[in-house]
Amino acid sequence: MTKLDRRDFLKGCGVAAVAGGSSSRALAYFATPDLAPAVATDDTLVVVFLRGAMDGLSLLPPGASSPYRADYMAARSSTRIPTSGTGAALSLNGTSWALHPRATGLRNLFNQNRLAFIVGAGQGQPIPVIRSHFDAQANLEFGFGGGTGNNIGWLTRHLASGGLPAVVPLPATSLGNITASSLLGSSDAITMNSASDFRIDGFHWSWEEDDAGAGIVGAVSRMHALWNTNATQLEAAGVETLASLDLLRPINFGLYNATSNPGGYQPTGGADYSLSSNQDFGNQLRNVAQLIKTNLGMRVATVDLGGWDTHVGQGNPANTYDYFGNQVESLSKGLSAFYTDLASSASGNLMQKTSVIVVSEFGRRVQENGDGGTDHGYGNVMMALGGSVNGGQVYGTFPGLANANLYQGTDVAVTTDYRRIISEALIRRMANPNIYHVFPGYSGYTPMGIFQGTDLPPTSFDALFASGFD
């Protein structure tokens, strides 16, 4: 007989309830907090991380009339995005910027005033190792803006300081093979590579109870009966994981197919998540859209799109080989489908309550290298997408591409701290003013006007305890 103990159970689920320092609230049933420091909205924040350091100057190059165009052309030839002829960039109305020609979906969203770009964005306090992918990603996701972290993600601090209603079945989801570092330490996050894999079928055990009493549900229930008086966090996590599995099990996350999977998820509005080179990204966005539509209370989701470390053979749209263009097309088609799907939901325009922030750990150097690529840089482009985004604009102050204006003489300088952009979303869309707790060491926040919503005085969650809150 196959033996199933609680450690094997948790390993075999293919999904992790990430346990923090207290018992989990993450899954199907929660204890209501005694007090909530902020009144949560029913909005969802989706963070898309472009891992590998996306080249912002190739996604959003200076347009033909831009004062930065001459410096851009002097620094780049094999990776240059042209403004005329084959592979010409897409003009962005009302701006001196252009868009990679394979980002037609993003351009459409921009023209609909639902997508905004932020130039000169990044980590405001650079450190010597900021050009290391590992260190830069960790610093950004821990929310310290350049410095040392404590293995607690900024999204974890957001959820703990007012990002959740009192009772919510599925607070946070990290789509991918591992939990996003921004959610590390969270007891509210579920990690899954694909929602269709959110199950346990690997032990020669059936899910349901059979006549002999065998099955996952019965086995764990009997195990819990032995634990419930002195349950450890591990044991409690196992039971709560089962509760989440049971909650999501009736939902068919598979792709719709009239023959093989007629009950599968069918996007609305003609949304097409099919991508040219990265189907996983499209599928994960589709899963996020479906979870939002099921109204399980998801308030935070993270999705990764990797492959942006283009040291060699970056390509350009004027040539046959355009690796970077393949990446851009995946990003553009995926976000366009996601917006269309949620905006045309039978429940109404759910993009009015969904905000997407797109970020990468750093940008690329202005001067291309001798291998047809670009090396690690500093300042970059961020994006904000949503029905409550004041789009159709390019925000931020661009520092310029002349040598005298470059950071350390090589990189786009950072003029907008990425935490300022996220803080505006947390305050105006998520109604959480505790941004100085979410981002320790950050101060001086002022809104840029990217997101619609009500401004709340920014506070530190820690100050609430100092004033007697408990």
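Helices (H or I, at least four residues) and strands (E, at least two) are DSSP runs, numbered from the N terminus.

Hello everyone, and a quick word about the model. It is a predicted one, where local features need pLDDT of at least 70 and side-chain atom pairs count only at pLDDT 80 or more, although totals for chains, interfaces and linings use all residues. Residues are numbered from 1 along each chain as its sequence is written, and side-chain values use heavy atoms, leaving out hydrogens and water.

Let's start with helix H11. Is it mostly covered or mostly open? Mostly covered: 10 of its 11 residues are buried. Among them are Tyr-418, Ile-421, Ile-422, Glu-424 and Arg-428.

Tyr-418 leads us to the aromatic rings. Rings of Phe, Tyr and Trp (for Trp, the six-membered ring) pair if their centres lie within 6.5 Å; planes under 30 degrees apart count as stacked, over 60 as edge-to-face and the rest as tilted. The structure holds 10 such aromatic pairs. In one of them, Tyr-418 and Phe-439 have ring centres 6.2 Å apart and planes at 80 degrees, so this pair is edge-to-face. Tyr-418 sits in H11 (residues 418–428) and Phe-439 in the loop between H12 (435–438) and H13 (461–466), so the pair ties together parts that are 21 residues apart in sequence. Both Tyr-418 and Phe-439 are buried. Phe-439 also pairs with Tyr-442: the centres are 6.5 Å apart and the planes at 85 degrees, so this pair is edge-to-face as well. Tyr-442 is buried too. Which residues do ring pairs link into a cluster here? They are Trp-154, Tyr-418, Tyr-436, Phe-439 and Tyr-442.

Next, please find two helices, H9 (residues 279–293) and H10 (residues 323–343). They pack at an angle of about 15 degrees, with axes 9 Å apart. Axes here are lines fitted to C-alpha atoms, for helices over the stretch in contact, and angles run from 0 to 180 degrees between N-to-C directions. Angles under 35 degrees count as roughly parallel, over 145 as roughly antiparallel, 65 to 115 as roughly perpendicular and the rest as oblique. H9 and H10 are therefore roughly parallel to each other. Contact means heavy atoms within 4.5 Å. On the H9 side, the residues that meet H10 include Phe-281, Leu-285 and Ile-292, and on the H10 side they include Leu-331, Leu-335 and Phe-338.

Asn-295 has a positive phi of about 60 degrees although it is not a glycine. Asn-295 is in the loop between H9 and strand E8 (300–305), and at 65% relative accessibility it counts as exposed. Ala-431, also not a glycine, has a positive phi of about 55 degrees. Ala-431 lies in the loop between H11 and H12 and is buried, at 18% relative accessible area.

Let me finish with Gly-387, found in the loop between strands E10 (380–386) and E11 (394–395). Gly-387 is buried, with a relative accessible area of 4%. Where is Ala-343 relative to Gly-387? The two are 44 residues apart in sequence and 8.0 Å apart in space, C-alpha to C-alpha. Not counting residues up to four places away in sequence, Gly-387 touches Arg-114, Tyr-339, Met-351, Gln-352, Thr-354 and Gln-452.

Note on methods:
Buried means under 20% relative accessible area, exposed over 50%, partly exposed in between (1.4 Å probe, protein chains only).
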